[in-house]
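Hello,

Here is the structure we talked about. My notes on the side-chain contacts follow below it.

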Amino acid sequence: MGRVLLRAVFVLALPAVLIAVWWAASSGSVNPYWPPLRTILTTFPDVWTADRLRSDVLPSVLRLLGGYATAAVVGVALGTVIGSYRRVRALCEPVLEFLRAVPPPVLVPVIMLFAGIGNSMKVVVIASGCVWPILLNTVEGVRAVDSVMLETARSYGITGAARLRSLVLPSAGPQIFAGLRQALSIGIILMVISEMFAASNGIGFTVVQFQRSFAIPDMWTGILVLGLLGFALSVVFQLIERRVLAWYHGLRASTRRSA
């Protein structure tokens with residue numbers, strides 16, 4: 001119980017300090033673009049009602065999950081193939097490096113030409129940015145699988161899908177999840193950017209509308225919603241990661257204890 005409380009203190013200490021600093025720094029502000037934190041918090045429940053959560057936050061989350069899931073499937077599948085075969089990797093590497101260097105927001109107007117301005121465009125924009133860290137980390141994770149373990153599996157007749165399921169993906173799992181973690185933050189950014197183009201709902205659309213109508217405290221509440229959403233998704237991701245990679249975290253913990 002004591003360790004849980006100590007961990008909670010460590011987790012909450014920095015956010016509490018930052019909130020206190022923000023509160024103190026903005027308490028006497030008369031700048032319309034930098035309202036006091038107490039004004040923002042007072043405005044928050046009036047702006048983000050149940051109806052607005054349903055009409056703006058829910059569509060944003062669904063677009064994010066759709067693009068993120070698409071990027072995860074494509075990135076892991078292609079990364080596994082590219083990482084498993086040296087010739088395929090040599091062939092694809094220049095193209096991958098070129099495409100990775102193109103900032104996803106630049107592609108928004110191009111994607112709009114082919115995918116329109118509906119939800120499909122926003123999902124494609126999110127997927128186009130999230131796929132690269134997942135793909136590249138999967139490639140490196142598959143490449144790093146122990147060659148001795150691969151030979152042992154081959155000698156026991158474990159090949160094809162069985163080897164992929166039992167050896168390759170579990171061994172590359174920590175690096176794949178590192179790419180998934182990076183992609184999650186990129187996905188939130190692209191979710192907001194995509195909703196600033198020809199959208200009629202979503203968090204990004206709402207924040208821009210508040211800014212254009214000079215409802216500055218309302219705009220700041222939207223920024224808080226984005227921060228809270230990112231925090232909630234990060235917690236969910238950590239829970240899933242610890243469950244899927246329980247063997248890996250257990251191995252690291254035992255290694256630290258024995259060191």
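**Salt bridges and rings**

Arginine 181 is partly exposed, since its relative accessibility is 35%; the term covers what falls between buried (under 20% relative accessible area) and exposed (over 50%), with a 1.4 Å probe and protein chains only. The model is predicted, so local features need pLDDT of at least 70 and side-chain atom pairs count only at pLDDT 80 or more, while totals for chains, interfaces and linings use all residues. Residues are numbered from 1 along each chain as its sequence is written, and side-chain values use heavy atoms, with hydrogens and water left out.

A salt bridge here is a side-chain nitrogen of Lys or Arg within 4 Å of a carboxyl oxygen of Asp or Glu. By that rule there are six salt bridges. One of them joins arginine 181 to glutamate 241, at 3.1 Å from N to O. This pair links distant parts of the chain, with glutamate 241 in helix H10 and arginine 181 in helix H8, 60 residues apart. Helices are DSSP runs of H or I with at least four residues, numbered from the N terminus. Glutamate 241 counts as buried because its relative accessibility is 14%.

Glutamate 195 and arginine 63 form another salt bridge, 2.9 Å from N to O. That pair also links distant parts of the chain: glutamate 195 belongs to helix H8 (residues 160-195) and arginine 63 to helix H3, 132 residues apart. Glutamate 195 is buried at 1% relative accessibility, and arginine 63 is buried at 6%.

Arginine 54 and aspartate 51 are bridged at 2.4 Å, N to O. The two are three residues apart in helix H3 (residues 50-84), so about one helical turn separates them. Arginine 54 is exposed, at 52% relative accessible area.

Now the rings. Rings of Phe, Tyr and Trp (its six-membered ring) pair if their centres lie within 6.5 Å; planes under 30 degrees apart are stacked, over 60 edge-to-face, and the rest tilted. The structure holds four aromatic pairs. Among them is the tilted pair of tryptophan 22 and tryptophan 220, with 5.9 Å between centres and 55° between planes. Tryptophan 22 lies in helix H1 (residues 2-26) and tryptophan 220 in helix H10 (residues 216-244), 198 residues apart. Tryptophan 220 counts as buried because its relative accessibility is 17%. Ring pairs join Trp22, Trp34 and Trp220 in a cluster.

What sits over the ring of tryptophan 48? The charged end of arginine 52 does, 5.9 Å from the ring centre. The criterion is NZ of Lys or CZ of Arg within 6 Å of the ring centre and within 35 degrees of the ring normal.

Regards
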